[in-house]
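The exercises below concern a predicted model. Each one sets a task and is followed by a solution in steps.

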Amino acid sequence: MELRVFTEPQQGASYDQLLAVARCAEDAGYDAFFRSDHYLMMGQASGEPGPTDAWTTLAGLARETSRIRLGTLMTAATFRLPGPLAITVAQVDAMSGGRIEFGVGTGWFEAEHRAYGIPFPPLAERFDRLEEQLAVITGLWQTPAGQTFDFAGKYYTLTDSPALPKPVQSPRPPVLLGGMGAKRTPRLAARFADEFNLPFVPVHDTAAQFGRVRDACAAIGRDPAELRWSNALVLCCGRNDAEVRRRAEAIGRDPDELRENGLAGSPAEIVDKIGRYAGVGSQRIYLQTLDLADLDHLELVAAEVMPQV
């Protein structure tokens with residue numbers, strides 16, 4: 001089981017705070033540092049000092065870290081055109097020496113689209129656009145050097161693209177898809193994904209959705225073992241009940257609710273729950289870390305949970 005750090009900077013974080021968390025995660029032995037791709041805070045958070053752009057952040061971290069892998073859960077397909085996005089991700093992959101992973105989804109948070117003037121089409125169209133974006137981005141990356149790439153879709157058309165630059169990773173950076181959609185999500189994952197991720201989903205729902213994706217792989221003749229399988233869960237670990245409660249209150253949550261719906265409690269409790277996810281096929285856990293000033297939290301998990309999973 002790999003443990004990865006996952007942050008939500010739209011809730012309020014500067015680049016320097018994210019850098020401190022990424023360096024702590026790297027030093028502590030985590031496999032990766034991921035961040036959300038959002039422009040607006042959620043819930044009661046102030047969001048100050050304001051949003052940071054996901055790919056600008058990752059470009060900076062690419063130059064200021066050396067080992068840890070870097071990525072998004074998930075880049076919103078509504079935010080960027082696929083051709084320029086393919087260039088951006090390939091460039092950041094080069095800046096990192098080949099450590100980038102590309103998580104992408106339809107985009108879902110309507111309020112942030114309104115707040116920053118981003119078109120927000122209906123869900124069916126967002127899925128259509130995501131499918132075309134995946135075809136374009138992976139097609140650009142995998143076009144052999146010296147050849148051109150063409151694509152004619154309903155929403156995007158590319159003609160005689162030189163399909164440059166190429167990412168460092170070959171044939172491409174890993175593509176992450178996820179979500180609980182019962183039909184189109186499994187089909188897209190079977191076709192395009194290198195990893196399938198489920199955010200904030202209980203064990204029994206994880207098993208059911210992993211099964212749908214495996215069935216979709218079988219339908220197109222793909223071996224499901226080619227995919228990595230992962231979950232994202234909010235983290236709230238403490239050496240004792242008082243520390244668990246303090247960390248839960250710091251992020252505005254109830255410790256009992258977090259024990260039910262997240263990864264909360266003592267290191268032993270967290271190891272036990274990770275084991276339940278491993279039992280239905282999960283291979284990676286993204287630890288949603290919401291209090292970015294509490295670096296001791298990550299160090300505790302690295303010291304007392306990571307060696308046991």
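**Exercise 1. Determine whether helix H2 (residues 54-64) is mostly covered or mostly open, and identify what covers its buried residues.**

Solution. 
Step 1. Apply the cut-off: a residue counts as buried when its relative accessible area is under 20%.
Step 2. List them: Ala 54, Trp 55, Thr 57, Leu 58, Ala 59, Gly 60, Leu 61 and Ala 62 are the buried residues of H2.
Step 3. Look for the covering elements. They include the helices H1 (15-28) and H3 (82-96), together with the strands S2 (32-35), S3 (69-72), S4 and S5.

**Exercise 2. Describe the largest nonpolar core and the surroundings of Phe 33.**

Solution. 
Step 1. The largest nonpolar core has 73 residues.
Step 2. Within this core, Tyr 30, Phe 33, Trp 55 and Phe 102 have the most contacts. Trp 55 is also one of the buried residues of H2.
Step 3. By element, H5 gives the most to the core, namely eight residues.
Step 4. Consider Phe 33, leaving aside residues up to four places away in sequence. Its contacts include Val 5, Thr 7, Leu 18, Val 21 and Ala 22. Phe 33 also touches Leu 61, Ile 68, Arg 69, Leu 70 and Gly 71. Leu 61, in turn, is a buried residue of H2.

**Exercise 3. Characterise the largest pocket by its volume, its lining and the elements that contribute to that lining.**

Solution. 
Step 1. The volume of the largest pocket is about 1200 Å³.
Step 2. The pocket is lined by 46 residues, of which Glu 8, His 38, Trp 108, Phe 200 and Gln 288 are the closest to its centre.
Step 3. Elements giving two or more residues to the lining include helices H5 (123-142) and H6 (184-192). Strands S4 (75-76), S5 (100-105), S8 (175-178), S9 (195-199), S10 (228-237) and S12 (284-289) do likewise.
Step 4. Sorted by class, the lining comprises 22 nonpolar, 19 polar and five charged residues.

**Exercise 4. Examine how S8, S9 and H6 are arranged and covered.**

Solution. 
Step 1. S8 and S9 pair in the parallel sense over three bridges. In one of the pairs, Leu 177 has Phe 196 of S9 as its bridge partner.
Step 2. Four of the five residues of S9 are buried, and the strand is thus mostly covered.
Step 3. In H6, the buried residues are Thr 185, Pro 186, Leu 188, Ala 189, Ala 190 and Phe 192.
Step 4. The cover over these residues of H6 includes H5, S8, S9 and helix H7 (203-219).

**Exercise 5. State how many cavities of 30 Å³ or more are counted, and describe the largest cavity.**

Solution. 
Step 1. The count is one cavity of 30 Å³ or more.
Step 2. The largest cavity holds about 70 Å³ of space.
Step 3. Its lining consists of Leu 235, Cys 236, Arg 247, Ile 251, Gln 288, Thr 289, Leu 290, Asp 291, Asp 294 and His 297. Gln 288 is also among the residues closest to the centre of the largest pocket.
Step 4. S10 and S12 each supply at least two residues of this lining.
Step 5. By class, four lining residues are nonpolar, three are polar and three are charged.

Note on methods: Residues are numbered from 1 along each chain as its sequence is written. This is a predicted model: local features need pLDDT of at least 70, side-chain atom pairs count only at pLDDT 80 or more; totals for chains, interfaces and linings use all residues. Side-chain values use heavy atoms; hydrogens and water are left out. On a 1 Å grid over the protein atoms alone, a cavity is a set of points where a 1.4 Å probe fits but cannot get out, and a pocket is an open set with protein on both sides within 12 Å along at least five of seven lines; lining residues have an atom within 4 Å of a point. Grid points are joined across faces, edges and corners, and a volume is the space filled by probe spheres set on the points. Ala, Val, Leu, Ile, Met, Phe, Trp, Tyr, Cys and Pro count as nonpolar, Asp, Glu, Lys and Arg as charged, and the others, Gly among them, as polar. A nonpolar core is a set of buried Ala, Val, Leu, Ile, Met, Phe, Trp, Tyr and Cys residues joined through side-chain atoms within 4.5 Å. Buried means under 20% relative accessible area, exposed over 50%, partly exposed in between (1.4 Å probe, protein chains only). Contact means heavy atoms within 4.5 Å. Two strands pair if DSSP finds at least two bridges between them.
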